[in-house]
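Morning, everyone. Please bring the structure up on your screens. I'll take you through a few parts of it.

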Amino acid sequence: GFYGRALQAEPLLESGTTSIPIDSRPTASKTWMWHIKKFLKRPLRFVLGVQFLWAVTMFALLVRLEASATLFILGHYYGRFTANIGENYPVQMLEMPGGFVFAGVAWHCYGGSPQAMQHVADRFKAWDPPLEQHITECSGGVWQGSWASSFVQDQKYLFIGGAHNSGQSVIRWNLALDESGGPKCNGSSCCEGCRGVVTVPSDATSMANITFNVEFYGLAHHSAFVTPGARRVSSEVITASRSKDVHAVAYENQDGRLVLVVLNENHKANATLRVDDVGDSLQNCSFQFVLPPGVVTFTW
């Protein structure tokens, strides 16, 4: 089924796209509540949730089905919204009168740090149910550099960094584009150089014509093993030196199986890993592995 439905996309992005500015200041003439009253004419029992980005570059209002709603608020880099990059904008929204109706924050990955999510989570840690944190848009593109560079950046900041900073999900955008990065919209904020998870040539006739891009393999290290309903479990990387080249995140699926994803971002040296499962799982184990530069996924 549907998790939600977008009511408005990117209202802080005042450009050539179909955007409507929504101000976070309670005294502004067009706040989120003004838009709720305008577009949701009939009464609804709903819960609103702010979704935000690390760099805070976009906005969306998401209406959940089953008589609930979620508000996704993403800031913008430019003009008067520059100060809202990071956690400022969602905090303002959540602390304004009526902000308690929000269910969570949606983020995009186009700048800043995933630590912004944790700052918001810590600020509202007393909320019950807990504030949701989702990364709802992240496009790969030519700006990331080489295949290897893109792969490492995605694992370090988007997947591993996101999970360690209260992130609950990741959505890649776009799923599929053609050989020219299209179809494309018209407007100053439309993406040039964006890359889909897969590239489907306009003259494709079979699966053999499809290119599986770096985004596909980055997702697969997690999505092929982490099942719906899984939870992140505590993991710690301990090194004999001060090296910060190794990063890891661990999950427990609902069936009790554990998943461990490890990144070695040192592009010149292998990393010798010793994995010790010290939890209360019935499948406790220890093993060693020599990881070349790159990523590995373990499951047991």
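When I say contact, I mean heavy atoms within 4.5 Å. Keep in mind that this is a predicted model.

Start with helix α3, residues 115-123. Which of its residues are buried? A116, M117, V120 and A121 are. Look down the axis of α3: these buried residues fall within an arc of 140°, so they line one face of the helix. The general rule is that an α-helix has 3.6 residues a turn, so residues three or four places apart point the same way. What covers the buried residues of α3? The cover includes helix α2 (88-95) and helix α4 (147-164), along with strands β4 (104-108) and β5 (132-137).

Now strand β13, residues 258-264. This strand is mostly covered, with 7 of its 7 residues buried. L258, L260, V262 and N264 point one way, while V259, V261 and L263 point the other.

Next, the partners of β13. Strand β12, residues 246-252, runs antiparallel to β13, and 7 bridges join the two. A250 stands opposite L260 there. The pair forms a hairpin with 5 residues between the strands. In that turn, G256 has a positive phi of about 95°. Strand β16, residues 294-299, is also antiparallel to β13, joined by 6 bridges. Here V262 faces V296.

Last stop, the surface. W147, M207, F212, F216 and Y217 make a nonpolar patch of about 510 Å². F216 sits in helix α5, residues 214-223. F216 is partly exposed, at 30% relative accessible area.

Conventions: Residues numbered from 1 in each chain as written. Predicted model: local features only at pLDDT ≥ 70, side-chain atom pairs only at ≥ 80, totals over all residues. Heavy atoms only, no water. Buried < 20%, exposed > 50% of the residue type's maximum accessible area, 1.4 Å probe, protein only. Helix = DSSP H or I, 4+ residues; strand = E, 2+ residues; numbered from the N terminus. Arc of directions from axis to C-beta. Patch = residues over 30% accessible without salt bridge, like charges linked within 9 Å, V, L, I, M, F, W, Y side chains within 5 Å. Areas by Shrake-Rupley, 256 points an atom, 1.4 Å probe, with all protein chains shown as cover. Salt bridge = Lys/Arg side-chain N within 4 Å of Asp/Glu carboxyl O. Pairing = 2+ DSSP bridges.
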